[in-house]
Amino acid sequence: MLRESGSGEDVSKVSSRFIWRRQELSLTARNISSLVIDDLCDEPCEEEIAIAMFYCDFRDQQKQTAINIIGTILKQLVVRGEVPEHVRAAFRKAKNEVGGRRLRLPDMIRVLKQAIAIFPQVFICIDALDECLPKHLLELLASLKGILEESPRTRIFVTGRPQVEVEIARHFTTSAVPISPKTHDIKRYLENKLEKDTEHYAMSAGLRAEILRIIPERVSEMCVGESKIHLMHDPILTNRGG
Amino acid sequence: MNKVTADENPEIMQWLSPLDPRGRHQDVRTDRLDGVGNWLLETNEFREWRSNEGGADKAVLFCYGNPGVGKTYLR
């Protein structure tokens, strides 16, 4: 049991003032995606690059079809400048047909390829592929594969749970990097939480140091190779009896 | 750009897709802590992907992990 000598207050008691969800640890794939997007946007580059992104979300699965995702990628390339004539022409043609019908997926892909060809380099970042409905995911991956075949300088960054790797591997040769919490990241998160703690009177320097030492070690240990570890069952963190 | 084409642009954007991820991206990046996750940017996989060094074989970078769910707490 962790206890700071003299204070009588243990780490678990103090930490109970927070709800520390792992989702809040700022270590999730979603944060990694936003970091990569910002890094690409901030990096000085000699040639003009275009960056398009999308965050999949299980709460909006019905709307997140392959054609809508490909469409929003196209939208982001288009808004960088004037709407290219080929996009405008496709829109006007569609508008005059059956009261403005939308493009079909193959047509949307074709228009996107034309838009990509305008740029020396295009990055496409799609977060949380596993949150797509399976039928939409397959169509999306097949669409991206077609884009890569015709535009080999395009770079695609995707995140998701490990189980989507099988589907991804069916469509592309990929480099894969596991995302797991790093000690530095957890410490940074804890420091931020402690700085924002409104009950400063209950925290001493010794206890603060102990929290910053013990919890990152414990979380890192638990996250190595894990998928379903429930931190609330950890004896050190839940034993309030000292 | 003439007025007709400028007026048409919002309609074209909506026609292309009803999805707009910009607000979501802003929310996520606002909550992100500086320095967290920077290790990824230093990996060989990311650098090769970013720089095109790996050619077509390194065109897709997949980062995988098990995101926390709301039910998993550290108390």
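Helix α4 (residues 44-51) of chain B lies across β4 and β5 of chain A together with β1 of chain B, running at about 140° to β5(A). Helices here are DSSP runs of H or I with at least four residues, strands are runs of E with at least two, and both are numbered from the N terminus. Angles are taken between N-to-C directions and run from 0 to 180 degrees, with axes being lines fitted to C-alpha atoms, for helices over the stretch in contact. This is a predicted model, in which local features need pLDDT of at least 70 and side-chain atom pairs count only at pLDDT 80 or more, while totals for chains, interfaces and linings use all residues. Residues are numbered from 1 along each chain as its sequence is written, and chains are lettered from A and ligands numbered from 1 in the order in which they are written.

As for the two chains, chain A has ten helices and five strands, and chain B has four helices and two strands. Along its sequence, chain B reads α-α-α-α-β-β. Buried residues (20 or more other C-beta atoms within 10 Å of their own, against 12 or fewer for exposed ones and anything in between for partly exposed ones, with C-beta atoms placed from the backbone) make up 40% of the 242 residues in chain A and 27% of the 75 residues in chain B. In chain A, 79% of the contacts with a separation of 6 or more come from residues 24 or more positions apart; a contact means C-beta atoms, placed from the backbone, within 7 Å.

Now to the sheet. Five strands form an open sheet in the order β2(A)-β3(A)-β4(A)-β1(B)-β5(A), with parallel pairing, where a pair needs at least two bridges found by DSSP. At the edges stand β2 (49-55) and β5 (174-178) of chain A, each with a single partner strand, so one side of each has no neighbour in the sheet. From one strand to the next, the twist averages 15°.

Strand β1 (residues 60-64) of chain B is joined to β4 (residues 155-160) of chain A by five bridges, and the two run parallel. Bridge partners in this pair include Val158(A) with Phe62(B) and Ile156(A) with Val60(B). Five bridges also join β1(B) to β5(A), again running parallel, and here Ala176(A) stands opposite Phe62(B). β1(B) is mostly covered, with five of its five residues buried. Val60(B), Phe62(B) and Tyr64(B) point one way from the strand, while Leu61(B) and Cys63(B) point the other way.

Helix packing on chain A comes next. The axes of α3(A) and helix α6 (residues 134-150) of chain A come within 8 Å and cross at roughly 40°. The two helices are therefore oblique to each other, a label for angles left over once those under 35 degrees are called roughly parallel, those over 145 roughly antiparallel and those from 65 to 115 roughly perpendicular. On the α3(A) side, the residues involved are Ala66(A), Ile69(A) and Ile70(A), which meet His136(A), Glu139(A), Leu140(A) and Ser143(A) in α6(A). By class, this contact has four nonpolar, two polar and one charged residues. Ala, Val, Leu, Ile, Met, Phe, Trp, Tyr, Cys and Pro count as nonpolar, Asp, Glu, Lys and Arg as charged, and the others, Gly among them, as polar.

The largest nonpolar core holds 62 residues, of which Ile70(A), Ile73(A), Leu74(A), Leu77(A) and Leu112(A) touch the most other members. Such a core is a set of buried Ala, Val, Leu, Ile, Met, Phe, Trp, Tyr and Cys residues joined through C-beta atoms within 7 Å. Its largest share, eight residues, comes from α3(A). Not counting residues up to four places away in sequence, Leu112(A) touches Ile70(A), Ile73(A), Leu74(A) and Ile147(A). A second, separate core of seven residues includes Ile186(A), Tyr189(A), Leu190(A) and Ile211(A).

Asn31(A) lies in helix α2 (residues 29-42) of chain A and is buried, with 24 other C-beta atoms within 10 Å. Its C-alpha atom is separated by 9.4 Å from that of Asp127(A), 96 residues apart along the chain. Gln61(A) sits in the loop between β2 and α3 of chain A and counts as partly exposed, with 13 C-beta neighbours inside 10 Å. Leaving aside neighbours within four places in sequence, Gln61(A) is in contact with Cys132(A) and Leu133(A).

Notes. Contact = placed C-beta atoms within 7 Å.
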